[in-house]
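This briefing looks at salt bridges in a protein chain. Have the sequence and the 3D view open while you read.

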Amino acid sequence: MNRPVSKQARKILLPADGLELGPRTLIMGVVNVTPDSFSDGGLFYEEAQAVEQGLALAEAGADILDVGGESTRPGSEPTPANEEMDRVLPVIEALARHCSAVISVDTYKAQVARAAVEAGAQIINDITSLGGDPDMARTAAQTKAGLVLMHMKGEPRTMQADPTYGDVVAEVRDFLAQRAGKALEAGVAPEAIVLDPGIGFGKTLEHNLALIRNLGYLARLGHPVLLGASRKSFIGALTGRPTPGERLWGSVGVHVLGAALGADIVRVHDVAHLKEALAVCDAVMAQEEHHD
Ligand code: PMM
């Protein structure tokens, strides 16, 4: 395996300093301020609990905290923007004040994204890749926030109803290349864009596995790559763990492998265990590979 192209030293441009990328894989810790997320639904719905959770993840070594106020689990319904802002803005403000991790907001609504950046977020994590709100590309450009573009087929309400692709790896890559082009046209800096294959979003087990195996192929588009596979159901299918909270070891395994295959950032619920696993993985992957 060649050293992944994505692990070269570079920066993601953000409103403040920017985020250094390189051989060390960055960890994005998940802070869901929702009553119904698949993985931790309701656990951190209260503001104080969500802030406490974010601070604990930062303490455990998260580089980024991803704060979300709308569940995107399969079958879920959209949350009104006002309600989403009531959930996420106080949490973002508190985390930005009390810890040094970069804050990202998991939203596809431009209005929520703009308010979140004003509250201290520096990255917009848009699971619709600019498809959910016509104003999102302009908002990302104007705020100068980092922008995660994620692939999803369909929408959360219906996405797991028999997703089909010709060549899933090529289709996801082409989709993300096209959406990155749309962001660039709107004035987003190329160095602000991160690409994510969207594990579990309109994908079968086989689709997810093919996308993870080919993270390096996605990385060759030239943007940093994010992998979010934490506790997802394909891990349950492979390990025989029906409960999301019991999928820790499968999650650690897939993110270590993803890091070796080219992910620059991994989005997870359990930071401490993965931090140690990645320290080992990154040290090995930083070595020269011999070719005879
Ligand atoms: N997965 C979830 C939510 N947001 N954002 C990105 N960029 N990538 C993901 O894979 C992703 C995401 C669903 O998981 P959660 O409900 O446990 O947060």
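The model is predicted. The count of salt bridges in it comes to 12. In general, side chains of opposite charge can pair when their charged atoms come close.

**Arg-241 and Glu-246**
- Arg-241 pairs with Glu-246 in a salt bridge, and their closest N and O atoms are 3.9 Å apart.
- Glu-246 has a relative accessibility of 41%, so Glu-246 is partly exposed.

**Arg-138 and Asp-135**
- A salt bridge connects the side chains of Arg-138 and Asp-135, at 2.3 Å from N to O.
- Arg-138 is partly exposed, with 49% relative accessible area.
- Asp-135 is also partly exposed, at 22% relative accessibility.

**Asp-264 and Arg-10**
- Asp-264 and Arg-10 form a salt bridge in which the closest N and O atoms lie 4.0 Å apart.
- This pair links distant parts of the chain, as the two residues are 254 residues apart.
- Asp-264 sits in the loop between α9 (248-261) and β10 (265-268), while Arg-10 belongs to strand β1 (residues 10-12).
- Asp-264 has a relative accessible area of 1%, and buried means under 20%, so Asp-264 counts as buried.
- Arg-10 is partly exposed, with a relative accessibility of 24%.

Terms used
Residues numbered from 1 in each chain as written. Predicted model: local features only at pLDDT ≥ 70, side-chain atom pairs only at ≥ 80, totals over all residues. Heavy atoms only, no water. Helix = DSSP H or I, 4+ residues; strand = E, 2+ residues; numbered from the N terminus. Buried < 20%, exposed > 50% of the residue type's maximum accessible area, 1.4 Å probe, protein only.
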